[in-house]
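Dear colleague,

I am passing on the structure we spoke about, with the sequence alongside.

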Amino acid sequence: MSRGALTDAEWAVLESLLPVSNNRYGRWRDHRQVINGVIHRLGTGVQWRELPDRFGPWKTIHKRHLRWSADGTWERLLHHLQAVADAVSDIDWDINVDSTSMRAHQHAAGAPRKPATGPAGWAKGGRAKISSRVRTHAPQPPGGGGAPDEALGRSRGGLTTKVHLASDGRCRPLALLVTPGQRADCTQFIPVMDKIRVPRVGSGRPRRLPDSVSADRAYSNSKIRTYLRRRGISHAIPEKRDTIAARERQGSRGGRPPGFDTERYAARNTVEWAVNKLKQFRAVATRCDKGAYVFLGTVTAAAILIWLRS
């Protein structure tokens, strides 16, 4: 996948959706130049201060990325691209859910422990400290080492962050969520599904229900199956071996096994391809961002490029 600067056609899609300066603190640097700097960092994984001079001051690009990660600008851009694709029936709504772990670099350590106080600081020209930025993830309970409230945790791979995602049938991320690396996949299935929100180009409510869902055995439990049944979503999730054995031991009282479409499940590999596309970006494959909301913004920016260029 190309990770070069924005083309004129790509910039035309994004330009009207970006924030406009209120001129209180002077004119902002060109958004296109800033986004090109973010794209360069996504592809190379370099530290912010090592960005080439052609993109302008690295602090400007860094702070713009922090701002857009905090106020939801990256997420709004992603939703717009999804809405445009859905308007022309370019989204395959047979979605797949999975997760992947990202190794955290030592630079990801040291985030402020003071909790966020809200987005008010960004409304005043962007001169607020880190502690006043809004976090786009829910604080996680302590346990397992690392910094759970910053989506850093200990797993077999060391200090890691786990990215949970739902992808459409064309290997593009529909919803993204970050947690500590040791967080179980099944605990994040419902939050990921609830984050699917594709707006309508015209009037109408955003689309939130897929045609079907496919996932591996890690997502096989009664809570998830009840959630899908209640929302009327067909699914292809294989049963765990111990679940099958427990049902068979109960005989007729164990009930019937859930339906399972093997052909539908065979298409689950599209989510693996979506993960591979995300990990082509070095700033995603190895986490260097301190804050969880900043890393989520980095992953979302990579997803935007995938939607623009696929």
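The mean pLDDT of the protein is 85, and 85% of its residues reach 70 or more. Over residues 115-144, however, pLDDT stays under 50, although the model has 61 contacts beyond four places in sequence for that stretch. Where pLDDT is low, the predicted coordinates should not be read in detail.

Turning to the helices, helix 2, which covers residues 31-44, packs with helix 11, residues 292-308, at an angle of about 100°, and their axes are 11 Å apart. That angle makes helix 2 roughly perpendicular to helix 11, since values from 65 to 115 degrees are counted that way. The residues that meet are Ile39, Arg41 and Leu42 from helix 2, and Thr298, Ala301, Ala302 and Leu305 from helix 11. Sorted by class, this contact has five nonpolar residues, one polar and one charged.

Arg41 from that contact also takes part in a salt bridge with Asp289, in which the closest N and O atoms are 3.1 Å apart. This pair links distant parts of the chain, 248 residues apart, with Asp289 in the loop between strand 7 (286-287) and helix 11, and Arg41 in helix 2. Both partners are below the 20% cut-off for buried residues, for Asp289 has a relative accessible area of 4% and Arg41 likewise has a relative accessibility of 4%.

Arg200 forms a salt bridge with Asp86, with the closest N and O atoms 3.9 Å apart. Because Arg200 lies in the loop between helix 5 (189-194) and strand 5 (212-214), while Asp86 lies in helix 4 (residues 73-87), the pair ties together parts that are 114 residues apart in sequence. Here Arg200 is partly exposed, with a relative accessible area of 39%, whereas Asp86 counts as buried at 13%.

The side chains of Asp211 and Arg207 also meet in a salt bridge, at 2.9 Å from N to O. In this pair Asp211 is partly exposed, with a relative accessible area of 46%, while Arg207 is buried at 19%.

Methods. Residues are numbered from 1 along each chain as its sequence is written. This is a predicted model: local features need pLDDT of at least 70, side-chain atom pairs count only at pLDDT 80 or more; totals for chains, interfaces and linings use all residues. Side-chain values use heavy atoms; hydrogens and water are left out. Axes are lines fitted to C-alpha atoms, for helices over the stretch in contact, and angles run from 0 to 180 degrees between N-to-C directions. Helices (H or I, at least four residues) and strands (E, at least two) are DSSP runs, numbered from the N terminus. Angles under 35 degrees count as roughly parallel, over 145 as roughly antiparallel, 65 to 115 as roughly perpendicular and the rest as oblique. Contact means heavy atoms within 4.5 Å. Ala, Val, Leu, Ile, Met, Phe, Trp, Tyr, Cys and Pro count as nonpolar, Asp, Glu, Lys and Arg as charged, and the others, Gly among them, as polar. pLDDT is the predictor's confidence in each residue, from 0 to 100. A salt bridge is a side-chain nitrogen of Lys or Arg within 4 Å of a carboxyl oxygen of Asp or Glu. Buried means under 20% relative accessible area, exposed over 50%, partly exposed in between (1.4 Å probe, protein chains only).
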